[in-house]
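The points are meant to be read alongside the structure.

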Amino acid sequence: MNASSSSETTSHGSHRDREIVDARVIVTCPGRNFVTLKIETRSGITGLGDATLNGRELAVASYLQDHVVPNLIGRDAGRIEDIWQFLYRGAYWRRGPVTMTAIAAVDVALWDILGKLAGMPIYQLLGGRSREGALVYGHANGRDVAEASDAVGRFIEQGFLAVRAQCGVPGVKKAYGISSGKAYEPAESELPLETVWSTPQYLDIVPQLFERLRADHGNDVHLLHDVHHRLTPIEAARLARSVEPYRLFWLEDATPAENQKSFELIRQHSTTPLAVGEVFNSIWDCKHLIENQLIDYIRTTIVHGGGITHLRRMADFAALHQVRTGFHGATDLSPVCMGAALHFDTWVPNFGIQEYMFHADETNEVFPHDYAFHDGRLHCGEAPGHGVSIDEKLAARFPYSPKQLPVARLEDGTMWDW
Ligand code: GCO
Ligand code: MG
């Protein structure tokens, strides 16, 4: 119905070969929930896009199934930009995590198809390699400072050049980012786990953690820390200043960023580099932050930011202001997102770092991929497209399991940012 009427033919097939004939949403839970969009063209080429929004998975699945897929059938899969504009401008209701995650899934699936048509990896389509591999950081945590330091040591032993460190906060049960032994996994229960938060205790312990980490591990390793939006701007300024001697690679989500001007206060007091943006979904969420050089790294990644097409705009805009990328890469982003992100990281001139948490074995089995970690970096593969596929038979053996992220309250019961 919407296919181009032109009969133009290229060496990579006619518009008719590229016509989208099917698009399906696959929901699976191999270790955790993932939503994946699979688009198929008339010639049988398929592309995959990640559509996972942690704790709100079915909202995106429905948005895609009910409102997007009917619009895709019959279109030319090669018109990536036009389809992006159609889904963004054309929908009238713009932005928001659900919409932008759905658009991202379509966009990445189309770039995957384009890569397969061209016989090239996505990084090549974007303009080619800018580096040999993407510097990544792992997640170390411990119930106290000593345990966190041991965990950082284990990451260094595995070859990591950069490590995010979180430790328990005295008097706070279930502090963000801490788990007993197993990999940190926030979406644990069907209804949100209620946790309690104490800002004064936190502000005291974090400088002690980083003092210890520098004493134990020296200055060579890059150290990062995630505040997870829990501080007010002036508290964030105090923390950023107090960790300055330990030269962090970045301090992440130091305060909520709905009011982008908040970051001015932090900047006035500290030279600790700042990262923000994993919950952003468009360039408009970070416009003021970037053009006023209030941040150093933008964290928004492919799956929640409208795909490669929109992220490219954000990264180019950031480059004008010396802001570098530091893509979100927690385990709630599927290997499909990681594959696409690594192609982007391999190309983007203003690359900073890529977050890397280990997916569960079942996740890796359901999503076979050709990216690999060595020498502190992740390397995307050379397969056409983004190099990640899905084993649908195996995926069907892991049915969706409702899980939500925890919530946090202050000690007096006031609802707070988790
Ligand atoms: C990070 C993030 C995650 C988020 C998670 C929410 O920096 O990796 O803060 O741990 O909490 O992605 O779904
Ligand atoms: Mg974070």
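The numbered points below concern a predicted model and take the domains, their interface and the metal site in turn.

1. Domain assignment. The chain is assigned two parts, domain 1 (9-121) and domain 2 (125-384). Taken over C-alpha atoms, the centres of domain 1 and domain 2 are separated by 27 Å.

2. Extent of the interface. On one side, 36 residues of domain 1 make contact, and on the other, 35 residues of domain 2. The area buried between domain 1 and domain 2 is about 2,800 Å², and carbon and sulfur atoms give 62% of this area.

3. Make-up of the domain 1 side. Which elements give two or more residues to the side of domain 1 that touches domain 2? They are strand 4 (34-41), strand 5 (46-50), helix 2 (80-88) and helix 3 (97-118). Helix 3 provides the largest share of this side, with 13 residues. By class, the side of domain 1 that touches domain 2 consists of 18 nonpolar, 11 polar and 7 charged residues.

4. Metal site. The magnesium ion (ligand 2) is coordinated by Asp226 (OD), Glu252 (OE) and Glu278 (OE), at 1.9 to 2.2 Å. The spacing of these donor residues in sequence is D-x25-E-x25-E. Aspartate 226 lies in strand 9 (residues 222-226) and glutamate 252 in strand 10 (residues 250-252); this pair is 26 residues apart and links distant parts of the chain.

Definitions and conventions. Residues numbered from 1 in each chain as written. Chains lettered and ligands numbered in written order. Predicted model: local features only at pLDDT ≥ 70, side-chain atom pairs only at ≥ 80, totals over all residues. Heavy atoms only, no water. Domains from an automatic or database assignment. Contact = heavy atoms within 4.5 Å. Buried area = accessible area lost by both parts, 1.4 Å probe. Helix = DSSP H or I, 4+ residues; strand = E, 2+ residues; numbered from the N terminus. Nonpolar A, V, L, I, M, F, W, Y, C, P; charged D, E, K, R; others polar. Donors = N, O, S within 2.8 Å, 3.2 Å for Na, K, Ca; no water.
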